[in-house]
Amino acid sequence: MRMFSVSHKTVFVVDHCPYMAESSRQQVECDVLTKSRAQGVIPLAPVSKSLWTCAVECSMEYCRILYDIYPKNKLVNYIVSDSEFHTLNSWRQEDQSTHELMSALAAVGPPNPREDPECCSILHGLVAAVEALCKITELQHEKRTALMDTAERVANRGRIICLTNAKSDTHVRMLEDCIQETILEQNKLAAGSDRLMAIQQCQLVLVHIYPQGEDTLVSDRPKKEISPMLTSEVHSVRAGRHLATKLNILVQLHFDLASTTITNIPMKEEQHANTSANYDVELLHHKDAHLEFFKSGDLHMAGSSTRDNGLKETVTLKWCTPRTNNIELHYCMGAYRISPTDVNSRPSSCLTNFLLNGRSVLLEQPRKSGSKVISHMLSSHGGEIFLHVLSSNRSTLEDPPSISEGCGGRVTDYRITDFGEFMRENRLTPVSESSSDPSGKLPAERAKAQLERHTRYWPMIISQTTIFNMQAVVPLANLIVKETLTEEDVLTCQKTVYNLVDMERKNDPLPISTVGSRGKGPKRDEQYRIMWNELETLVKTHAGATDRHQRVLDCIIACRSKPPEEEERKKRGRKREEREDRMEKNGGRDTDDKSWQDTERLKGLLDKEDQESEVIKDSPDSPEPLNKKPRLSSEEVQTADRAKGPVSLLTMWTNRITAANSRKHQEFVGRVSSVNNKFELYQHLKDENGMDVHENGKASR
């Protein structure tokens with residue numbers, strides 16, 4: 001059944017009585033653009049709009065936004081009321097445009113302040129509005145024709161927006177009663193006519209307009225049900241910008257619209273062409289464009305802000321670098337027409353012209369930290385601008401991931417074979433009505449209970465489980481999910497546990513997955529600890545079923561508590577494995593590094609010997625030292641030096657740099673021939689005098 005909502009028909013009733021010609025008292029400066037004024041020139045006096053002008057401008061802005069976002073199937077009928085009603089357009093689609101309405105309003109003209117107020121009333125327009133709601137639209141006629149047998153299932157609903165200057169709350173109640181009576185009368189006429197439809201629901205939105213600086217005589221009132229067919233709400237608003245804001249909020253509420261503010265739009269200044277400034281532009285669109293924000297909870301991250309006393313919210317998105325490549329459209333999840341809030345402003349005009357020239361703009365969520373998330377894109381199609389919602393997840397146009405090949409997804413090690421066995425064990429079969437269960441449960445309930453037991457612990461990925469990859473655990477895993485266990489089943493489970501204990505004592509390897517880990521994976525003790533934890537988790541999920549299930553769990557807990565000698569043996573095994581790993585690491589070093597380290601160790605030994613010889617020489621009672629021992633090759637001391645600990649990294653690096661620098665120049669003769677870093681000068685004089693120089697540690701020449 002096609003249910004037409006209240007938004008399908010909207011009737012504007014604008015008061016054209018003499019009191020609407022009164023000034024709104026909100027002044028508009030006409031001389032604001034004149035920067036330099038010659039002497040003797042009288043400045044232009046400010047002007048103010050009338051209540052009628054404010055009502056017409058704001059209602060036209062309401063219609064403009066509606067036509068921009070809903071070019072079809074959202075219809076407006078505009079009625080002007082004074083001494084009689086004037087219908088400016090019809091429900092036909094060709095009459096639905098702001099150009100048609102503005103031309104008709106120009107023909108009506110402003111209110112005549114000299115006209116008799118007693119002859120004018122807003123009631124003429126309200127009665128005509130009810131009559132217009134009873135008329136059939138083209139879309140309603142199409143649906144009624146398609147449902148000839150059930151034509152009454154096509155609903156007729158509508159909304160009346162009345163812009164007037166009411167006298168008091170009593171006057172408002174009188175208008176509501178008049179509309180209620182008119183609906184009843186028109187429904188009686190529609191019951192006997194094929195060209196009319198009875199009104200199932202009507203919403204009256206009465207907007208009381210009063211000038212600036214005056215106190216209102218009409219109080220605001222939220223939506224109230226007058227009868228099952230009529231609801232009414234009253235808004236008391238000052239003329240001018242306050243009225244424009246109110247109707248902007250109402251159009252969002254009536255047609256499920258939302259607001260998005262585009263920030264940081266770069267735009268060249270008019271006065272300085274070489275400079276640019278950042279501007280903001282507010283756009284209206286269908287609220288589904290923000291649906292992903294509500295689903296993911298990122299609405300606060302997208303810069304949601306509240307304005308106008310909490311009545312209006314806008315989501316802030318940042319401008320990204322414009323792109324001509326429309327590949328992002330392939331990841332689009334929705335496209336929604338947009339309408340600028342301030343269509344006549346320079347930033348809005350520049351943005352719309354920029355987009356209508358075939359450019360596209362990406363929009364990102366403003367975030368304080370982390371990478372930027374591009375969530376929307378602005379682009380035009382066929383002369384209309386759309387806000388596209390881009391998917392931040394994997395594209396919905398990609399092929400679904402293949403379980404066997406992993407195309408389109410990262411997880412490929414699913415337990416496909418085990419899942420096939422799982423489905424085979426939980427198949428449903430027809431059951432005769434005569435068959436009954438001793439427990440009194442229905443077959444469907446028993447099937448659900450069995451499925452629940454089998455899925456209490458069932459890892460889906462091979463790398464996330466150990467026990468389901470071991471053949472030794474299969475008997476226990478198949479029996480523990482049963483509703484009841486026999487004594488033989490308990491013995492089988494206990495035998496499985498003892499087999500696992502024996503495997504651990506023999507240090508047998510386990511099928512532990514090393515996906516995503518570096519090196520050889522966890523140690524053998526760690527592998528068994530993981531296996532025992534998973535086995536205990538599996539049995540614990542079923543331990544509360546019966547006492548025999550609990551006995552299996554007690555057996556596992558008892559076997560996990562090792563005696564002291566077993567723990568000592570485990571420690572020795574761990575030390576042996578660590579020692580083997582260290583030997584493998586040491587054996588894998590480069591030959592050059594090893595020889596270089598050995599050379600540095602040998603140099604340290606020789607330096608130590610030099611220091612010891614110097615201590616002996618400096619002793620007063622010590623004999624004269626012998627000549628230095630000849631240098632040993634690195635191969636001769638390599639075996640003896642291997643037992644020493646490793647040299648620090650700083651020492652190794654310093655020695656290497658020193659050795660590299662020494663090869664770049666000829667060494668000083670005194671340093672080469674020195675003993676304990678000392679070299680005696682003027683040795684040739686002592687040789688001529690026949691003096692012995694052994695006391696300085698050098699042999700005679």
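## A walk through the chain

The protein chain has 20 helices and 18 strands; helices are DSSP runs of H or I with at least four residues, strands are runs of E with at least two, and both are numbered from the N terminus. What you have here is a predicted model, in which local features need pLDDT of at least 70 and side-chain atom pairs count only at pLDDT 80 or more, while totals for chains, interfaces and linings use all residues. Residues are numbered from 1 along each chain as its sequence is written, and side-chain values use heavy atoms, with hydrogens and water left out.

Let's take the whole chain before any single residue. Of its 701 residues, 37% are buried. Buried here means under 20% relative accessible area, exposed means over 50%, and partly exposed is in between, using a 1.4 Å probe and protein chains only. The chain exposes about 42600 Å², and carbon and sulfur atoms supply 52% of that; such areas come from the Shrake-Rupley method with a 1.4 Å probe, and for residues only the protein chains shown count as cover. Now for contacts, meaning heavy atoms within 4.5 Å. Among those between residues at least 6 apart in sequence, 71% join residues at least 24 apart.

You'll find Leu51 in helix 1, which covers residues 51-69. Is Leu51 buried or exposed? Its relative accessibility is 0%, so Leu51 counts as buried. Setting aside neighbours within four places in sequence, Leu51 is in contact with a list of residues that includes Tyr19, Glu22, Asn165, Ile209 and Ala239. Thr164 is 113 residues away from Leu51 along the chain, yet their C-alpha atoms are separated by 8.9 Å.

Rolling a probe the size of a water molecule over the atoms shows where empty space is left. On a 1 Å grid over the protein atoms alone, a cavity is a set of points where a 1.4 Å probe fits but cannot get out, and lining residues have an atom within 4 Å of a point. Grid points are joined across faces, edges and corners, and a volume is the space filled by probe spheres set on the points. How many cavities of 30 Å³ or more does a search of the whole structure find? There is one, and the largest cavity holds about 30 Å³ of space. Its lining is made up of Cys58, Glu61, Tyr62, Ile65, Ala244, Leu247, Asn248 and Val251. Helix 1 and helix 6 (241-254) are the elements that give two or more residues to that lining.

Next come the charged pairs. Side chains of opposite charge can pair when their charged atoms come close. A salt bridge is a side-chain nitrogen of Lys or Arg within 4 Å of a carboxyl oxygen of Asp or Glu, and by this rule the count comes to 20. Glu22, already met as a contact of Leu51, forms a salt bridge with Arg25, with the closest N and O atoms 3.7 Å apart. Glu22 and Arg25 also belong to a network of salt bridges that takes in Glu214.

Another salt bridge joins the side chains of Arg337 and Glu384, at 2.9 Å from N to O. Arg337 lies in strand 14 (residues 332-337) and Glu384 in strand 18 (residues 384-390), so the pair ties together parts that are 47 residues apart in sequence. Glu452 and Arg456 meet in a salt bridge too, at 3.0 Å from N to O.

Asn73 has a phi near 70°, a positive value in a residue other than glycine, and lies in the loop between helix 1 and strand 4 (75-81). For Asn264, phi is near 60°, again positive in a residue other than glycine, but Asn264 lies in strand 10 (residues 257-268).

We finish on the surface. Phe679, Leu681, Tyr682 and Leu685 form a nonpolar patch there, with about 430 Å² of accessible area together. Patches are made of residues with over 30% relative accessible area and no salt bridge, with like charges joined within 9 Å and nonpolar side chains (Val, Leu, Ile, Met, Phe, Trp, Tyr) within 5 Å. Phe679 sits in the loop between helix 19 (669-672) and helix 20 (683-689); with 35% relative accessibility, Phe679 counts as partly exposed.

How values were computed. 1 Å grid on protein atoms, 1.4 Å probe; cavity = no way out; pocket = protein on both sides within 12 Å on 5 of 7 lines; lining within 4 Å.
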